[in-house]
Amino acid sequence: MDGAPGVLGGGAMTQGRAWSTGSPQPQPHRHPGLQEPAEPHAAGATPLLEADDVAQRYAGRDVLRRVSFRLAAGESLGIIGESGAGKSTLARLLMALERPSQGHVRWSGDDVNALPAAVLRARRARVQMVFQDPYSSLDPRWRVGRSITEPLHLLRMTADERQQRLHEVLAAVQLEPDAAERFPHQFSGGQRQRLAIARALATRPALIVADEPLSALDVSVQAQILVLLRDLQRREGISLVMVSHDLPAVEVLCDHALVLRHGEVVEQGPTRAVLGDPRHAYTQALLAALA
Ligand SMILES: Nc1ncnc2c1ncn2[C@@H]1O[C@H](COP(=O)(O)OP(=O)(O)OP(=O)(O)O)[C@@H](O)[C@H]1O
């Protein structure tokens with residue numbers, strides 16, 4: 001079932017309120033036609049994404065310690081913190097690009113590091129990443145249509161289906177169909193980031209993890225990409241984890257916020273509480289730095 005929140009687990013619907021610190025009721029961002037769960041916010045519903053006491057250690061140095069959160073399908077989380085706080089490390093762990101030294105990352109209840117390789121590979125189609133540098137997902141030697149449709153091979157789509165999906169996602173990021181024939185260097189930075197987002201959307205992911213998706217862009221282009229991400233998230237019902245030190249962007253895009261400092265969570269909860277009425281001196285200082 002394309003785009004269904006349960007696909008990460010390959011099983012039952014997994015929507016539900018699943019934020020450990022007790023969030024307000026989220027907006028019901030859903031794919032049209034998706035079956036609504038009987039109790040969308042039932043306590044105990046399996047979250048789409050869960051970090052359970054996750055830690056990471058590189059060369060004997062702890063860079064993440066005891067990070068825990070739960071994110072329900074369709075909800076969004078901003079991971080905030082200064083440079084070196086461990087944001088990208090956490091993003092890689094959430095994407096199952098590396099193993100935590102401690103704890104568990106779960107997609108729809110399943111420990112990603114305990115899944116058989118073939119199962120993990122199949123589920124990867126539903127978890128996509130957008131990077132700060134769009135060239136991380138666009139091969140400079142390939143016409144962009146090829147880069148965008150490449151993840152669709154995981155879904156065993158026919159050539160016609162891939163072509164149709166290519167046109168759909170180009171339209172979703174407001175680019176013309178003939179963009180597919182060009183090479184990445186023939187686009188502006190903002191257009192390239194749109195192409196990277198199109199690639200991430202192609203498989204109808206349940207979750208997108210975006211690591212500083214705006215920070216390489218001009219301010220005016222940042223606003224366009226921000227609006228695009230927000231609209232896509234609302235319309236497509238995709239869960240979003242956004243790593244960012246751009247607090248206003250997190251305010252616009254994210255239902256929840258998690259503040260990391262030296263690898264530890266200092267504060268987490270609904271964004272409007274964390275950024276509107278921060279409890280921790282570190283969050284207050286981050287906000288003060290903006291003023
Ligand atoms: N593969 C690695 N091996 C060793 N150390 C690493 C590795 N990846 C990250 N680190 C270290 O872990 C710490 C956290 O890095 P990380 O990139 O997660 O921080 P960040 O919050 O994303 O920073 P930035 O905002 O600058 O990207 C840093 O001290 C970094 O040097």
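Me: Which residues are around the ligand?
Reply: In this predicted model, local features need pLDDT of at least 70, side-chain atom pairs count only at pLDDT 80 or more, and totals for chains, interfaces and linings use all residues. Residues are numbered from 1 along each chain as its sequence is written. A residue is near a molecule if its C-beta atom, placed from the backbone, lies within 6 Å of it. The residues around the ligand are Y58, A59, V63, G81, S83, G84, A85, G86, K87, S88 and T89.

Me: Which helix gives the most residues to the shell around the ligand?
Reply: Helices are DSSP runs of H or I with at least four residues, and strands are runs of E with at least two, numbered from the N terminus. The protein has 9 helices and 10 strands. The helix that gives the most to the shell, with 3 residues, is α1 (residues 87–94).

Me: How many nonpolar, polar and charged residues does the shell around the ligand have?
Reply: Ala, Val, Leu, Ile, Met, Phe, Trp, Tyr, Cys and Pro count as nonpolar, Asp, Glu, Lys and Arg as charged, and the others, Gly among them, as polar. By these classes, the shell has 4 nonpolar, 6 polar and 1 charged residues.

Me: How many residues of domain 1 are in contact with domain 2?
Reply: An automatic or database domain assignment sets the bounds, giving domain 1 (1–12 + 46–126 + 207–291) and domain 2 (138–203). Their C-alpha centres lie 24 Å apart. Two residues are in contact if their C-beta atoms, placed from the backbone, lie within 7 Å. On this basis, domain 2 contributes 13 residues, and the number from domain 1 is 13.

Me: Which element gives the largest share of the side of domain 1 that touches domain 2?
Reply: By class, this side has 10 nonpolar, 1 polar and 2 charged residues. The elements that give it two or more residues are α2 (117–124) and α6 (219–236). The largest share, 5 residues, comes from α6.

Me: Why is α5 largely enclosed by the rest of the structure?
Reply: A residue is buried if 20 or more other C-beta atoms lie within 10 Å of its own, exposed if 12 or fewer, and partly exposed in between, with C-beta atoms placed from the backbone. Among the buried residues of α5 are G190, R192 and L201, and their cover includes β6 (127–130), α3 (144–149), α4 (159–172), β7 (207–211) and α6. Helix α5 is largely enclosed because its buried residues number 11 of 13.
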